[in-house]
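I wanted to go through this one with an eye on charges and surface.

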Amino acid sequence: MHAPTFALLAYAELIEPELAEYIRDNAAFPNTVVDRIVPQEQDSDYNYPSRLLQVRDRAPIVTEPFWQFVVEDSFTK
């Protein structure tokens, strides 16, 4: 059992033991991964939000177009 699942069940147990039992018997908590490439910042990154959205952002995060989401195939039946 993963730490977040354990924490949720412990909390549910404190609130309502039947709720914890229901979650244990009927819920799934699949692991997930999000992969996004974030290159080293460039001086030009600070002007990007202004050019694109006409807003000033003091800490923009500019990413490459690559992204990938992975969700574990571990759902309730």
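My entries follow, starting with the ground rules.

**Ground rules.** I am working from a predicted model, where local features need pLDDT of at least 70, side-chain atom pairs count only at pLDDT 80 or more, and totals for chains, interfaces and linings use all residues. Residues are numbered from 1 along each chain as its sequence is written, and side-chain values use heavy atoms, with hydrogens and water left out.

**Salt bridge.** I looked for a side-chain nitrogen of Lys or Arg within 4 Å of a carboxyl oxygen of Asp or Glu. The count came to one salt bridge. R24 and E13 make it through their side chains, at 3.6 Å from N to O. This pair ties distant parts of the chain together, with R24 in helix α2 and E13 in helix α1 (residues 3-15), eleven residues apart. For the elements I use DSSP runs numbered from the N terminus: helices are H or I with at least four residues, strands E with at least two. I also checked cover, where buried is under 20% relative accessible area, exposed over 50% and partly exposed in between (1.4 Å probe, protein chains only). R24 is partly exposed at 46%, and E13 is partly exposed at 37%.

**D45.** Where does D45 sit? I found it in the loop between β1 (32-36) and α3 (48-53). D45 is buried and has no salt bridge; R51, the nearest side chain of opposite charge, is 7.2 Å away. For charge, Lys and Arg count as positive and Asp and Glu as negative, while His and the chain ends are not counted. Beyond its neighbours within four places in sequence, D45 is in contact with Q40, P60 and V62; contact here is heavy atoms within 4.5 Å.

**Patches.** I took patches as residues with over 30% relative accessible area and no salt bridge, joining like charges within 9 Å and nonpolar side chains (Val, Leu, Ile, Met, Phe, Trp, Tyr) within 5 Å. A charge is placed at NZ of Lys, CZ of Arg, CG of Asp or CD of Glu. E16, E18, E21 and D25 form a negative patch on the surface. Of these, D25 lies in helix α2 (residues 17-26) and is exposed at 55% relative accessible area. Y48, L52, L53 and V55 make a nonpolar surface patch with about 380 Å² of accessible area together, by the Shrake-Rupley method with a 1.4 Å probe, only the protein chains shown counting as cover for residues. L52 belongs to helix α3.

**Q54.** Phi of Q54 is positive, near 60°, in a residue other than glycine. Most residues other than glycine have a negative phi. Q54 is in the loop between α3 and β2 (67-71), and is exposed at 62% relative accessibility.
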